[in-house]
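Please consult the sequence and the structure shown below while reading.

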Amino acid sequence: MSELFLPGVPEHLVRQALDRAGGNELASGKFANPESSAALAANGFGWFIERPALLPAFPGLDDIDWPAVSVEIERQMRFPWSGGRHPWLDAAVVTETHLIGVESKRFEPFRDRKQAVLAEAYDRDVWGESMEPWLTMRDALRSDPSAYRFLDAAQLVKHAFGLVTEAGRINRSPVLVYLYAEPSRVAASACSAHRAEIEVFSAAVRGARVRFAAVSWSDWLKRFDTTAVSSGVRAHAEALRCKFEP
């Protein structure tokens with residue numbers, strides 16, 4: 001097992017997924033960076049690729065039918081047109097009723113001030129019913145591209161558009177999970193400001209067809225520790241904490 005991957009993570013499947021996504025994470029050395037967000041997500045979810053039913057449910061989504069029937073890393077959510085760039089999410093969880101796309105963050109929110117950019121292609125009338133909150137957010141970010149200091153709100157809008165399309169293809173209800181870390185090296189004031197932006201964003205897109213949920217890695221990993229999960233899941237949580245301090 002490579003030092004890049006935790007015990008139980010199927011390295012060959014994770015490498016295939018990363019290569020397919022085209023981000024050059026492995027060959028560039030970015031994946032081996034101690035601050036790599038991709039390494040956290042790939043290891044965190046990769047362990048469940050071959051055992052999806054063991055994946056703990058996300059806090060705040062307990063009303064969704066569980067368990068997961070599949071877990072993938074680096075899944076593309078294609079827009080309803082050919083050509084151009086289509087979003088990739090760090091992970092995708094499919095249940096009998098839902099498609100849950102996961103955007104995982106580690107140090108990225110705290111590195112630079114976010115500047116929203118949304119192309120005219122997103123103005124196409126192709127997103128379906130009950131997407132008005134996301135369309136309103138799209139327009140608001142164009143009016144004030146610097147509205148969010150820490151949260152990459154434009155990226156989340158693009159992910160929501162990709163998710164609603166992909167969910168329609170597989171006949172599932174779409175959910176976008178923003179899974180964020182709060183590293184100890186980041187000032188507590190910055191973490192608090194990030195959380196405040198998440199709350200504002202969450203309120204703005206509430207009620208849309210693409211449901212939005214924000215979950216901290218810390219809160220999610222607490223579910224790995226419960227007596228209801230297997231010892232392997234608990235051990236995986238501890239390995240993640242030791243290596244990545246999420």
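How many residues lie between strand 2 and strand 3 in the hairpin that they form? The hairpin has three residues between the two strands. The model is predicted: local features need pLDDT of at least 70, side-chain atom pairs count only at pLDDT 80 or more, and totals for chains, interfaces and linings use all residues. Residues are numbered from 1 along each chain as its sequence is written, and side-chain values use heavy atoms, with hydrogens and water left out.

**The sheet**

Helices (H or I, at least four residues) and strands (E, at least two) are DSSP runs, numbered from the N terminus. Two strands pair if DSSP finds at least two bridges between them. Five strands form an open sheet of mixed pairing, in the order 1-2-3-4-5. Strand 1 (70-76) and strand 5 (211-216) each have a single partner strand, so one side of each is left without a neighbour in the sheet. The twist from one strand to the next averages 25°.

| Strand pair | Direction | Bridges |
|---|---|---|
| Strand 2 (residues 88-94) and strand 3 | antiparallel | four bridges |
| Strand 3 and strand 4 (residues 173-180) | parallel | eight bridges |
| Strand 4 and strand 5 | parallel | six bridges |

Val93 has Ile100 of strand 3 as its bridge partner, while Leu99 stands opposite Pro174 in strand 4. Tyr178 is bridged to Ala214 in strand 5.

In strand 3 (residues 98-105), eight of eight residues are buried, that is, under 20% relative accessible area with a 1.4 Å probe, protein chains only. His98, Ile100, Val102 and Ser104 cover one side, and Leu99, Gly101, Glu103 and Lys105 the other.

Helix 2 (residues 37-46) and helix 7 (residues 231-244) have axes that come within 10 Å and cross at roughly 170°. Axes are lines fitted to C-alpha atoms, for helices over the stretch in contact, and angles run from 0 to 180 degrees between N-to-C directions. The two helices are therefore roughly antiparallel, the term for angles over 145 degrees. Their contact (heavy atoms within 4.5 Å) involves Ala39, Leu40, Asn43 and Gly44 of helix 2 and His236, Leu240 and Phe244 of helix 7.

Notes. Parallel < 35°, antiparallel > 145°, perpendicular 65-115°, else oblique. Buried < 20%, exposed > 50% of the residue type's maximum accessible area, 1.4 Å probe, protein only.
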